[in-house]
Amino acid sequence: MTEVTEDFFASLPDRAPAVLRSPVSGTIRIDLSTGARTDHWRVELAPGQVRVSRSPEPADAIWYSSVDLFERLVTGRTQGIAAVLRNESTFSGNLTLFLIFRHFFPDPPGTRDPREVAREQAGRSR
Amino acid sequence: MRERVSILDGNTFLVCDRRGNIEPSYDFPTGLFSFDTRFLSTWVLTLNGQLLHALSIDDAESYRTRFFMVPGEPTHYLDAKVSVIRTRSIGGSLDEELRVLNHEGREVEFTVRLDIGSDFADLFEIKHGRQKKGRVTPAAGENELRLVYRRDRFHRESVITSSMPCQVDEAGMTFSIRIGPHSEWVTNLHVATVIYGARGEDARATLPLGGHRSVDAIRTEEEDLIRRAPTLGCDCQPLAGAYQRSLKDLAALRYESITLGVRLLAAGLPWFMTLFGRDSLLTSLQALPFLPDLVPPTILMLAGLQGSRLDDFRDEEPGKILHELRYGETAGFEEQPHSPYYGSADSTPLFVILLDEYERWTGDARLVRQLEAPARAALAWLDTYGDLLGTGYVWYQTRNPETGLQNQCWKDSWDSISYADGRLPGFPRATCETQGYAYDAKLRGARLARTFWNDPAYADRLEREAAELKERFNRDFWLPDREYYALALDPDGRPVDALASNMGHLLWSGIVDESRARPVVEHLLGPRLFSGWGVRTLASDEGRYNPIGYHVGTVWPFDNSIIAWGLWRYGFREEAGRICEAMLSASQFFHGRLPEAFAGYDRDLTDYPVQYPTACSPQAWSAGTPLLLLRVMLGLEPEGEHLIIDPAVPPGMGRVELLDIRGRWGQVDALGRSRGPHNGSRGH
């Protein structure tokens, strides 16, 4: 298990109030595989809060990913839905939970606020 | 261009020639498609080495076609001793019944050959002429041909099976048959389209609704949907025909989302068979009084896929509603940004508008409460990331110059926004109709906040902001010397001064100052914009005007329906009626199915509406047009727990009655009648 992934899961409870604003509750399990080994992360989602545990217990939704892909997701270097479309990742169960969980993924590295960029350009064009 | 025949069920569709054949095409989407992938690119039938031609084609149902055929070219002297009937239907997969009839009084031997192939092209590879990165491997089996495409773990298969024995090779199937005197031979061909998920199973098999539907299931579902719609009785045959056609087409365009397992509305055949934010929102607004059940899955899906981060490749920002969602290889491998793509400045305000309008019709307060967070995020987007320059308007500028859209308004082609002299403005741009939507979204958001979210302070703020926006807009966009609203503002805040149809949408939004409505209406129905068949996208004397230019001179039925709604809102019933009359007259020339767009030539010049060369048809918001026009003619407006009915039927249209309109009031009937009696000579 990589440090980035561990840090990502550790950060979720603090970020939940800002990210989980809809009245949706449920459990999503993320199965991360590398070689023959699979790690299970279980995230209980509720409005404004999450509880993270490492457990293979059943969940409302399961998301399958390689350790490598997940690291790219939690560092913003790729995107979850595209990964599913190219079949690098797959999921089963309640899709709403998957769509909500993706809100925890960060911007791609180096992304700037588009307003800053547009205002700088507009300033130059005048 | 050879004439084409299409059948569809949701986003699985087949486009072929008049022989029922598919010949490889690298620039137009002919073939069998599902979820943005072409599963068949070759499907050519010969009898004793000869192509067949169709004597007649029965394509009354959107999901089934029947070709009655004989060998040879149509110019030959016809004395066919054999004929062929190809009957095909579509429902996630393709079924074709091939029937060969021997008309001779003796037994005859025939060789029936079907050439089969697939390039598994992604729709965007066809659009941009790109080469495939993966490999196609054909595998001939017993009465089965399997075409396999793989690129990394991306895996698609077409599996073609025949019910009758045949010789299978890697490029097709051959049937060597003997048919008795006056007898026939039949085989049933089945083409399964398989989309493999990560664990080696068809990804659709694990979804709650399943991807494949029988023809009976399609028919039952279509009939059920149409039965729940109000019943129309009228003297005007074009209106009756267009109404039925629209309901059927909207039923056929519903598809099952591979990512959510709910039925969504695809935008248009063949290029746009997927979820578009703007198209599905506007179509939902048009169809809401008739097919309210279409709305919740659409709005929930758009909320579920709302932007959550900054992503330049996808033009994504927190709170933004998507532009386009694709399921194919290029979206998956991030060669195209549609996973989803967010390059649309107007879908976000339209999302709030639809949510409010939906509640006003249905009284479904639960959905409004459930979607409070996405609706607030959408409203917040208007004033944050939407206002790129911090000037109080919604602007757009793509951050993906390679594969993003330059114009992120409904006129999304590259040259649609111009000054009157034809020059193109710089970026960012703020188009006028988007500001109207933003104004309307704020007012509707205020109603939702006050009534359902228990937040009167937020409601007050939104109303104050709307009032300020209206004042600002009427100051900055109005061109006093020409008496119309500018099409857009350029990055320096100067008006982009072409005269265009966009300002018709401003009437719908209510952002137009009362004193300016009259001159706006005179422009919309004046000779520069009104062709006689409808309002042109761009006035005929503008620098970039072209009667067959996609967004620079053609007439778009959906655009006209929104304009008619706006004219009604400002009390211009007679003018709204003229647009209704023009559209319904035009619809007759397309068998009741209004295309995406038709040419902007004067009605006097052509006597019939000339179809735009590559127009999509059926197209969801064109199918929605007759529905919205009916609403406009009957003056249907929810007011509290009641439905106001205030008809103004155009002269000569006779009786128009709509029975069993569903809503929070239960069911009511609306009756209207034109001042004079029905007069068919007016073309409606």
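**Exercises on the cores and domains of a predicted model**

**Exercise 1.** State which residues A:Ile28 is in contact with, leaving aside its neighbours within four places in sequence.

*Solution.* Leaving aside neighbours within four places in sequence, the contacts of A:Ile28 are A:Val43, A:Leu45, A:Ala59, A:Asp60, A:Ala61, A:Trp63, A:Leu97, A:Phe98 and A:Phe101. The model is predicted, and contact here requires C-beta atoms within 7 Å.

**Exercise 2.** Identify the second, separate core and some of its residues.

*Solution.* This second core is separate and has five residues, among them B:Ala121, B:Leu123, B:Ile126 and B:Tyr149.

**Exercise 3.** Describe the largest nonpolar core and where its residues come from.

*Solution.* Begin with the extent: the largest nonpolar core has 226 residues. Next, take the residues with the most contacts inside it, which are A:Ile28, B:Leu354 and B:Ala564. Then consider the elements: helix α10 (residues 432-451) of chain B gives the most to this core, with nine residues. Finally, consider the domains: domain 1 (4-206) and domain 2 (250-682) of chain B each provide at least three residues of the core.

**Exercise 4.** Characterise how domain 1 of chain B meets domain 2 of chain B.

*Solution.* First, locate the domains: the assignment for chain B gives domain 1 (4-206) and domain 2 (250-682). Their C-alpha centres lie 39 Å apart. Second, count the contacts: 22 residues of domain 1 of chain B are in contact with 18 residues of domain 2 of chain B. Third, name the elements on the side of domain 1 that touches domain 2: β1 (4-9), β2 (12-17) and α1 (123-128) of chain B each supply at least two residues.

Technical notes:
Residues numbered from 1 in each chain as written. Chains lettered and ligands numbered in written order. Predicted model: local features only at pLDDT ≥ 70, side-chain atom pairs only at ≥ 80, totals over all residues. Core = buried A, V, L, I, M, F, W, Y, C linked by C-beta atoms within 7 Å. Buried ≥ 20, exposed ≤ 12 C-beta atoms within 10 Å, placed from the backbone. Helix = DSSP H or I, 4+ residues; strand = E, 2+ residues; numbered from the N terminus. Domains from an automatic or database assignment. Contact = placed C-beta atoms within 7 Å.
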